[in-house]
Amino acid sequence: MNKFHTFTGLVAPLDRANVDTDAIIPKQFLKSIKRSGFGQNLFDEWRYLDHGEPGMDSSKRKLNPEFVLNQPRYQGAEILLARANFGCGSSREHAPWSLQDYGFRVIIAPSFADIFFNNCFKIGLLPIIFDSGTVDYLFDAVKTIDDYQLTVDLQNQAVTTPKNEVFNFDVDAFRKHCLLNGLDEIGLTLQHAEKIKQFEQKRRNEQPWLFA
């Protein structure tokens with residue numbers, strides 16, 4: 001998992017509440033346990049005018065010009081601004097995978113579904129919760145100002161606007177540590193690799209019949 005550093009990114013506004021995981025990545029694409037390759041099918045039913053299936057060449061599909069991510073001004077966005085209860089529905093890990101594979105590094109919303117929220121941290125995607133008033137303010141700014149960018153500083157738990165307005169957010173200390181140091185669950189375990197090796201060797205010496 002990559003370390004999460006301070007960065008400035010373009011914001012894309014998804015002005016819909018209760019966006020569920022089937023909308024984020026439809027069920028027919030859940031045929032791989034790899035974390036890559038899902039970005040092309042992110043919000044598939046909204047991004048394209050045809051029905052998508054695995055193996056289709058997305059570059060040849062007809063885009064929905066009304067969908068926000070297809071608008072030229074939001075190309076290359078790394079921050080997704082969303083409404084309440086983002087990521088509700090089934091608990092598929094593919095939802096945050098597809099968002100990250102598309103290029104998003106941060107999602108800002110008034111609230112998230114619990115399982116989706118937890119899954120984001122496991123892959124280095126940062127979900128930020130702001131109150132509804134702050135989210136409304138950001139939506140107004142993004143829609144009225146071209147190339148609207150925010151600076152996200154995880155160390156200081158702050159989001160800064162182009163006007164130097166600072167909005168602070170809460171994040172669990174352990175999750176923050178993991179993001180800053182690029183540690184997923186496997187990385188955390190490997191930090192204790194030597195102790196694990198010593199334990200296994202001791203167990204082998206004391207109970208050799210288990211390893212026969």
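Trp97 counts as buried, at 8% relative accessibility (buried is under 20% relative accessible area, exposed over 50%, partly exposed in between, with a 1.4 Å probe and protein chains only). This is a predicted model, so local features need pLDDT of at least 70 and side-chain atom pairs pLDDT 80 or more, while totals for chains, interfaces and linings use all residues. Residues are numbered from 1 along each chain as its sequence is written, and side-chain values use heavy atoms, with hydrogens and water left out.

**Ring pairs**
- Searching the whole structure turns up 13 aromatic pairs (ring centres of Phe, Tyr or Trp, the last by its six-membered ring, within 6.5 Å; planes under 30 degrees apart are stacked, over 60 edge-to-face, the rest tilted).
- Phe4 and Phe7 make an edge-to-face pair, because their planes sit at 70°, with ring centres 5.9 Å apart.
- Phe4 and Phe7 are both buried.
- Phe38 and Trp97 pair up in a tilted way, at 6.1 Å centre to centre and 40° between the planes.
- Phe38 is in the loop between α1 (21-24) and α2 (44-47) and Trp97 is in helix α3 (residues 94-102), so this pair ties together parts 59 residues apart in sequence (helices are DSSP runs of H or I, at least four residues, numbered from the N terminus).
- Phe38 is buried too, with a relative accessible area of 5%.

**Cluster**
- One aromatic cluster is made up of Phe86, Phe112, Phe116, Phe117 and Phe121.

**Charges over rings**
- Arg16 has its charged end over the ring of Trp46, 3.9 Å from the ring centre (the cut-offs: NZ of Lys or CZ of Arg within 6 Å of the ring centre and within 35 degrees of the ring normal).
- Over the ring of Tyr48 sits the charged end of Arg61, 3.8 Å from the centre.

Methods. Helices (H or I, at least four residues) and strands (E, at least two) are DSSP runs, numbered from the N terminus.
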